[in-house]
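Dear colleague,

I am passing on the structure we spoke about, and my notes on it follow directly below. Please read them with the coordinates open beside you.

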Amino acid sequence: MKGPMMLYVDFCAIQNVPSNNINRDDTGAPKTAVYGGVRRARVSSQAWKKAMRDEFASMLPEEVLAIRTKLVADQVACVIEDMCPDLHEKALPLAKAALTAAGIAVEESKRSGDDEGKIAAKYLIFISRAEIVALANAALAWEENGVDWATAKPKDLKKDVAGAFHGKQGIEIALFGRMLADAPDLNVDACAQVAHSISVDRVTQEYDYFTAMDQCAADDNAGAAMIDSTGYNSSTLYRYVTVNVSSLVDQLGDTQTTVDAVAAFAEAFIRSMPTGKQNSFANRTLPNAVLVSVRDKQPVNPVSAFEVPVAAKGAESISRVAARKLGARVGSIERSYDMPACAAWNIVDSEPVEELDTVSVRTDLPGLLESLRVQLAERL
């Protein structure tokens, strides 16, 4: 008996990033990792996923997007007030009741500052705009139907709010998943897996020593008013993510929405950049090379192409050598394990890379997005 259809899209990128500190560790230094026995620059998956989600805001309608917040009760209360201004006084208690019924623990925030005294969840909640509206609608239905929600037990109200979280998922929730230890029935498996980006070359951590002068100080005061330093490095990063399209269409419940989601994901992957220390380094770049592959057996991360650190060869840059190695490694894997891609495309910002052209079709970003849409629509 034939198993269910499986479909994945792999995204790889080679991206040169000059002096930067886009993702810091607990000491303020750029994150690193050891791979192939040498120190590499590293950007965590969390940092780049946040950057991708920021890109979504300009690509997708608000109702399919999500936010991560502890102040979710305020969000629900605002929707209740917008729908029914007469419930201004009851909006926040209603929101609290709806969240509690859903299994999300809320309490009065003890954080100092503007959040102090507000009703907040005990942990960050990743929640879609559609789920917020659905919770507000459930709470309004209690008011309209005369339900004594203020004294009712949460378990007795649970069925009324269950529909807010079950059924078709928002695109961001479906792609990046959700985990709530206190409410496991609200958990969602992520359809996208994002690797930590690592540099293809060996890196050396460096430090920028800087001072600042007080412009209003006396003329005979020649000392600096501030002295500090910041860590940075320069590298050529290898980035990899994969999307389980079969799982995504199951969660979104619609082929066209899935195609739109993957296309938006592809563009966000290519255009995004974490924002750490951007004002200090202005390091925002676009990838030197991108490879996108549609697969029907399993995702493949060809990171082993860079187990031996890449070095420039004569006039050929590290980025270009890395692109060659990426194409060669993908071709070797596909031949050795009989796993040719269903379709594949590459984008390079310079002359064609023969090794990439051997395993994929060269195109540009608009062409890639259109070809990806067509391929997915045919296979779904």
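**Aromatic pairs and helix packing**

Phenylalanine 11 has a relative accessibility of 0% and therefore counts as buried. Please bear in mind throughout that this is a predicted model.

The structure contains 6 aromatic pairs, and one of them joins phenylalanine 11 to phenylalanine 269 in a tilted arrangement, with 5.7 Å from centre to centre and 45° between the planes. Because phenylalanine 11 belongs to strand β1 (residues 8-20) and phenylalanine 269 to helix α8 (residues 255-271), this pair ties together parts that are 258 residues apart in sequence. Phenylalanine 269, at 1% relative accessibility, counts as buried. Ring pairs also link Phe11 and Phe269 with Phe56, Phe176 and Phe265 into a cluster.

Another aromatic pair is formed by tyrosine 238 and phenylalanine 306, which is tilted as well, with 5.1 Å centre to centre and 50° between the planes. Tyrosine 238 lies in strand β11 (residues 226-244), whereas phenylalanine 306 lies in the loop between β12 (289-295) and α10 (318-336), so that the pair ties together parts that are 68 residues apart in sequence. Tyrosine 238 counts as buried at 3% relative accessibility, and phenylalanine 306 is buried with a relative accessible area of 1%.

Turning to the helices, I looked at the packing of α2 against two others. Helix α2 (residues 72-83) packs against helix α4 (residues 129-144) at an angle of about 60°, and their axes are 9 Å apart; since angles from 65 to 115 degrees would count as roughly perpendicular and those under 35 as roughly parallel, α2 and α4 are therefore oblique to each other. The crossing of α2 past α4 is right-handed. On the side of α2 the contact is made by Gln75, Val76, Val79, Ile80 and Met83, and on the side of α4 by Arg129, Ile132, Val133, Leu135, Ala136, Asn137, Ala139 and Leu140. By type, the residues of this contact of α2 with α4 are 10 nonpolar, 2 polar and 1 charged.

With helix α3 (residues 91-102), α2 crosses at roughly 125°, and the axes come within 8 Å, which makes α2 oblique to α3. This crossing of α2 and α3 is right-handed. Here α2 contributes Val72, Ala73, Asp74, Val76, Ala77, Ile80 and Glu81 to the contact, while α3 contributes Ala91, Leu92, Leu94, Ala95 and Leu99. The residues of the contact of α2 with α3 divide into 10 nonpolar and 2 charged, with no polar ones.

Note on methods
Residues numbered from 1 in each chain as written. Predicted model: local features only at pLDDT ≥ 70, side-chain atom pairs only at ≥ 80, totals over all residues. Heavy atoms only, no water. Axes fitted to C-alpha atoms, helices over the stretch in contact; angles between N-to-C directions. Helix = DSSP H or I, 4+ residues; strand = E, 2+ residues; numbered from the N terminus. Parallel < 35°, antiparallel > 145°, perpendicular 65-115°, else oblique. Left-handed = near helix turned anticlockwise from the far one by under 90°. Contact = heavy atoms within 4.5 Å. Nonpolar A, V, L, I, M, F, W, Y, C, P; charged D, E, K, R; others polar. Phe/Tyr/Trp six-rings, centres within 6.5 Å; stacked < 30°, edge-to-face > 60°. Buried < 20%, exposed > 50% of the residue type's maximum accessible area, 1.4 Å probe, protein only.
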